Amino acid sequence: MQLLIKGSGYDYVEFDYLHTTDWTINTTELRYVFTVFNTYVDTSMDYILEFAIVKVWSRADLKRLLRVISRHRNIKGVLSIRPLNDGYPKNIQVVLKGDAGDSTRYLAHILGGVEVKAIYEDGMEHWGFLFPSSEKAYSFISMVNSHGKVSHVKEGRVTIDDLIPRVMKMATLLLSPGELKAMKYAYDRGFFEVPRRIRLDGLAKELGISKATLDSYIRNAVDKIIKAMFTDEDYLT
């Protein structure tokens, strides 16, 4: 496996993953789709919160799926289960607390990666991540491959300048007023350039808000932008 990188910018990597040490490996005979829509990584406490929508086609598959999840060593707790509709197929909102020790997204997080896609179905995990460099992406794939089997790797190279024109067309729909203002100002002031022309604390002072608030605006905005933009396969080679 080789990632072919050209130009400068960010490396987007998408792949299928048979995670032999995680709970998903025990669900190959079940019919379900587990779509993650948000996560929280706590590096100090070594745990991850995973917010997902699960679609199942039968009561039997739901019971077996929940049994696998609740009993696996990588799951520290099932914090919430809320059905969103009657009958089947059934959509269920689930919040899991997982162990960071064997987490794919934790490995990406410590390498500076941003999660774009996480969908599990029929025992297979489908991932997408954005990394600051090809070296980081290659290291990540190598590390992940030691915990399972990586396949169908796709890769694309993008820059902030590739994203901004298209994103701005839909920014008012994607971002809150605070996020939109923070992102536009940060972009204009060179915060996303390499090297940066201004630091986060300097931006916060100029905007008249706290550093923590600005950091939250930018992180949330980047997360929304990336997830919106990387549903387009034109970025993949």
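Which residues does glutamate 179 touch, not counting residues up to four places away in sequence? In this predicted model, residues are numbered from 1 along each chain as its sequence is written. Local features need pLDDT of at least 70, side-chain atom pairs count only at pLDDT 80 or more, and totals for chains, interfaces and linings use all residues, while side-chain values use heavy atoms, with hydrogens and water left out.

Glutamate 179 touches Leu174, Tyr217, Asn220, Ala221 and Lys224, with residues up to four places away in sequence not counted. Contact here means heavy atoms within 4.5 Å. Glutamate 179 lies in helix α5. Helices (H or I, at least four residues) and strands (E, at least two) are DSSP runs, numbered from the N terminus. The relative accessible area of glutamate 179 is 6%, so this residue is buried. Buried means under 20% relative accessible area, exposed over 50%, and partly exposed in between (1.4 Å probe, protein chains only).

Helix α5 (residues 177–188) also holds aspartate 188 and lysine 184. The two are four residues apart, about one turn of the helix. An α-helix has 3.6 residues a turn, so residues three or four places apart point the same way. The side chains of aspartate 188 and lysine 184 form a salt bridge at 3.1 Å, N to O. A salt bridge is a side-chain nitrogen of Lys or Arg within 4 Å of a carboxyl oxygen of Asp or Glu. Both partners are partly exposed: aspartate 188 at 46% relative accessibility, lysine 184 at 47%.

Eight salt bridges occur in the structure. One of them joins glutamate 14 to lysine 117 at 3.5 Å, N to O. This pair links distant parts of the chain, 103 residues apart. Glutamate 14 sits in strand β1 (residues 10–19), and lysine 117 in strand β6 (residues 114–121). Glutamate 14 is buried, with a relative accessible area of 11%, whereas lysine 117 is partly exposed at 25%. A further bridge pairs arginine 199 with aspartate 201 at 3.9 Å, N to O. Arginine 199 is exposed at 62%, and aspartate 201 is partly exposed at 40%. Salt bridges with shared partners join Glu50, Arg105 and Glu115 into one network.

Strands β4 (residues 75–83) and β5 (residues 90–99) run antiparallel and are joined by seven bridges. Two strands pair if DSSP finds at least two bridges between them. Arginine 82 has glutamine 93 as its bridge partner in β5. The hairpin of β4 and β5 has six residues between the strands, and glycine 87 there takes a positive phi near 70°.

In helix α6 (residues 200–207), the buried residues are Leu200, Leu203, Ala204 and Leu207. Seen down the axis of α6, these fall within an arc of 100°, so they line one face of the helix. The arc is that of the directions from the helix axis to the C-beta atoms. Just after α6, glycine 208 has a positive phi of about 75°.

The largest nonpolar core has 32 residues. A nonpolar core is a set of buried Ala, Val, Leu, Ile, Met, Phe, Trp, Tyr and Cys residues joined through side-chain atoms within 4.5 Å. Phe15, Trp23, Tyr32, Phe34, Leu65, Tyr120 and Phe140 touch the most other members. Phenylalanine 140 has contacts that include Phe15, Leu107, Phe129 and Phe131, not counting residues up to four places away in sequence. A second, separate core of 14 residues includes Phe191, Ile198, Leu203 and Ile218.
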